[in-house]
Amino acid sequence: MIDSASLLAVMPELVLSAGALILLLVAAYGGDATARIINWLSVLTLLVAGLTLSVSVANGPVAFDGLVQADSFSAFAKALIYAAAAAAILLAPRYFLTDGVLRPEYPILILFSSIGMGMMVSAGDLLTLYVGLEMQSLAAYVLASFMRQDERSSEAGLKYFVLGSLASGILLYGTSLLYGFTGSTAFEGIAIALGDGVSKGELFGMVFLLAGLAFKMSAVPFHMWTPDVYEGAPTPVTTFFGSAPKVAAMALTIRVAIEALGPAGLDWQQIVIFVALASIIFGAVAAIGQTNIKRLMAYSSINNVGFALIGLAAATPAGVAATMSYMAIYVVMTIGAFACILQMRDADGRPIESIASLAGLSHSRKGLAAALAIFMFSMAGIPPLFGFWAKFLVFDAAVASGLTALAAVGIAASVIGAYYYLKIIKTMYFDEPAAAYEARGGMVENIILTACAVVMLVGYLLNPALDQASAAAAASLF
């Protein structure tokens, strides 16, 4: 049933849909000349959508007869998604102007992807889940291959599409099994059916569903697309892939696990623990030999997804709150790191992606080297930077729920992962200088980079607000 309360509950999606369609018409009639104004109007659209989140929550939590959940959890996730999407739009113009033409379709595709991600984190039914996930994915496939004249970008888009289609098939098979054995596509109905005991058919459906979601998070063993897509896609697109869709996939997985599969906690908890450990260990070990910084960031994202899943494995409100806090800090670290990578350009302004080219950066670009060092130390979880707090929260939640062994393995693996982060810092500060980068950075890049670095340094001042928001988000699921 469609009523005014339901429409208000999806107000952010309505704002994004209207904005994206209007901007699409402007781009169609105005051509590439409208690219810059569309860039800024897209950011404004995301800002307006973010401001309507309070209206959405006030008229929730259930809309469209349970298809949509407009609660504090979805609002928290959407705020992160919109912020990351806006950053990916703002970081793009200088990159595309150097490598070709700035096209207006880029921010519009991000808006459409954001609509899908909003549907994902608000899903209260398997049907909403699938529609939102596919809407996000279809825009992402085009974004990955956005540089049509670049073979690497075309290859990245094709690989992402083929493997993404396979994952969608796996997820769809899982949803059909769950519907067949529980008799419902609503999360509430599935939870009621699983409360009577988990049959083999329901267990298989659960495994396939979680496997499809693991692909979207790029968690092991469904990570195979990540390094190639991160390397081949344009760097602003990689920035987007490494932030907003990660939050959406993680939030969706949490909602499915807690709301739909909650009574089968002992079953899915084992799956999540395995995926978390495999992602942490593989992401740490596989990154050691990388020479391309975007591929290294891909393995870093796999590693970080594993750490975030430790909080979900605890299956408690504290664990879910820890995971959402982790994702908030991870988004800031990732955007900051990619803002640094976007400034890796030779004297002619062409992008450079090799880690070896960072040698001597501390002499030629002291500020850039310091910022990148802050993000690397933070990702390694070294105190007093904010990244340490993210890992502490998930480990603390795991220990509190009796998963001490999981926390211990995670701590040990984080030491392995620290090696390749510290290798970048060693290259910048101690290796023989390589050719100097382009002397200037874009103003927007510098502002975003500086803001993210400051958050990593003084982020503990934000702890009261972050803890309160993540706790409220987690509480709305239980």
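**Exercise 1. Cysteines**

Find out whether C452 is buried or exposed in this predicted model, and which cysteine sulfur is closest to that of C452.

*Solution.* Start with the surface. C452 has a relative accessibility of 10%. Buried means under 20%, so C452 counts as buried. Next, look for a partner: the closest cysteine sulfur belongs to C340, 8.8 Å away. A disulfide needs two cysteine sulfur atoms within 2.5 Å, so this pair is too far apart for a bond. C340 is buried as well, with a relative accessible area of 1%. To finish, widen the view: a search of the whole structure gives 0 disulfides.

**Exercise 2. A helix and its start**

Work out how the reach of helix 8 compares with the expected span, and which residue's side chain reaches the backbone nitrogen of L127.

*Solution.* Helix 8 covers residues 126-144, which makes 19 residues. From first C-alpha to last, helix 8 reaches 26 Å, close to the expected 27 Å. Now go to the start of helix 8: there, a side-chain oxygen of D125 comes within 2.8 Å of the backbone nitrogen of L127.

**Exercise 3. The largest nonpolar core**

Locate the largest nonpolar core and say which helix gives the most to it.

*Solution.* Begin with the members: there are 168 residues, and F241, L261, L309, L358 and M376 touch the most other members. Helix 17 (residues 317-341) gives the most, with 17 residues. Domain 1 (1-263) and domain 2 (265-477) both contribute residues, so this core lies between them. Then zoom in on M376: leaving aside neighbours within four places in sequence, M376 is in contact with M297, A337, Y421, I424 and I425. Apart from this core lies another, of 6 residues, including A9 and V68.

Terms used
Residues are numbered from 1 along each chain as its sequence is written. This is a predicted model: local features need pLDDT of at least 70, side-chain atom pairs count only at pLDDT 80 or more; totals for chains, interfaces and linings use all residues. Side-chain values use heavy atoms; hydrogens and water are left out. Buried means under 20% relative accessible area, exposed over 50%, partly exposed in between (1.4 Å probe, protein chains only). Helices (H or I, at least four residues) and strands (E, at least two) are DSSP runs, numbered from the N terminus. The expected span of a helix is 1.5 Å times one less than its number of residues. A polar contact is a pair of N or O atoms within 3.5 Å; within protein, one must be able to donate a hydrogen and the other to accept it, and residues adjacent in sequence count only if both atoms are side-chain atoms. A nonpolar core is a set of buried Ala, Val, Leu, Ile, Met, Phe, Trp, Tyr and Cys residues joined through side-chain atoms within 4.5 Å. Domain bounds come from an automatic or database domain assignment. Contact means heavy atoms within 4.5 Å.
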